[in-house]
Amino acid sequence: MSHISPTLAVARQRRPALAFLAVSCGVVLAVIVGGTIGGLRINTTPSEPLGLWRVALLEHPVQVGEMVFVCPPETDAVSEGFERDYLRSGLCPGGFGPLIKTVPAVGGQRIAIAGNVTIDGRPIANSRLVSQDGQGRPLRPYAGGTIPAGFLFLHSPFPGSWDSRYFGPVPGSGVLGLAEQVLTYAP
């Protein structure tokens, strides 16, 4: 027979739960502060490795091959992608979350879209287009053409990525910074 009162037993059982709750709140607060001050972001889409990323300062014009955080423009194609849940909600204009994409082409380069993407006549690896999304909805590819000055073509090698293959070039003014992996996992 135990000499511990029922009230004291309940209090002892609650301690681990309260400690877990306190630690969890601390971690959430640290991520929020880190995101605000340190430019940290969490990627939950499979287009790039999942996990913690950092928006790094960009002190030069975006160059081909760089990976960037970019706010997508408020266009009909981007709005449709948002309605279809290809984009997350976020703090970019239009309520969109920023994208993490590689820049394979910049203003002045020519894009051709057929079964895959070519830039200035050279095919991009892993750029095959699909005619419909995972729910059977049709996907319309970008028509192609010369990228206007100040615009960027965005790409991800993930087969299901929704990128410039479908919504076209984006203004370089939407770039938030370079995308750097901090703690990520590629499934």
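Predicted model: local features only at pLDDT ≥ 70, side-chain atom pairs only at ≥ 80, totals over all residues.
Me: In what order do the elements of the chain run from the N terminus on?
Reply: The chain holds three helices and 11 strands. Read from the N terminus, these elements follow the order α-β-β-β-α-β-β-β-β-β-β-α-β-β.

Me: Which strands stand at the edges of the open sheet, each with a single partner strand?
Reply: The open sheet has seven strands with antiparallel pairing, in the order β1-β2-β11-β3-β4-β9-β10. Each edge strand has a single partner, so one side of it is left without a neighbour in the sheet. The strands in these positions are β1 (40–43) and β10 (170–171).

Me: How many of the residues of β9 are buried?
Reply: In the sheet order, β9 lies between β4 and β10. Three bridges join β9 to β4, with V106 opposite L152, and two bridges join β9 to β10. The strand is mostly covered, and its buried residues number four of five.

Me: What is the bridge partner of F151 in β10?
Reply: Strands β9 and β10 run antiparallel. In β10, the residue that F151 bridges to is P171.

Me: Is the disulfide of C71 and C92 left-handed or right-handed?
Reply: A search of the whole structure finds one disulfide, and the sulfur atoms of C71 and C92 in it are 2.0 Å apart. The torsion about their S-S bond is about -70 degrees, so the disulfide is left-handed.

Me: How many residues apart are C71 and C92, the pair that links distant parts of the chain?
Reply: C71 and C92 form a disulfide. C71 lies in the loop between β3 (67–70) and α2 (76–83), while C92 lies in the loop between α2 and β4 (99–106).

Me: Is C92 buried or exposed?
Reply: A residue counts as buried under 20% relative accessible area. C71, the disulfide partner of C92, is below that limit at 12%. The relative accessible area of C92 is 6%, and C92 is therefore buried.

Me: Is S161 buried or exposed?
Reply: S161 lies in the loop between β9 (151–155) and α3 (164–167). The limit for a buried residue is under 20% relative accessible area. The relative accessibility of S161 is 2%, so S161 counts as buried.

Me: With which side chain does the side chain of S161 make a polar contact?
Reply: Not counting residues up to four places away in sequence, S161 touches S47, K101, S156 and Y166. At 2.9 Å, the side chain of S161 makes a polar contact with the side chain of K101.

Me: How far apart in space are S161 and P46, C-alpha to C-alpha?
Reply: In sequence, S161 and P46 are 115 residues apart. In space, C-alpha to C-alpha, their separation is 7.9 Å.

Me: Which elements give two or more residues to the lining of the largest pocket?
Reply: The largest pocket holds about 880 Å³ of space. It is lined by 36 residues, and the closest to its centre are T45, Y86, L87, R88 and P98. The elements that give two or more residues to this lining are β1 and β4.

Notes. Residues numbered from 1 in each chain as written. Heavy atoms only, no water. Buried < 20%, exposed > 50% of the residue type's maximum accessible area, 1.4 Å probe, protein only. Contact = heavy atoms within 4.5 Å. Polar contact = N/O pair within 3.5 Å; in protein donor to acceptor, adjacent residues only side chain to side chain. Pairing = 2+ DSSP bridges. Disulfide = S-S within 2.5 Å. 1 Å grid on protein atoms, 1.4 Å probe; cavity = no way out; pocket = protein on both sides within 12 Å on 5 of 7 lines; lining within 4 Å. Points joined across faces, edges and corners; volume = space filled by probe spheres on them.
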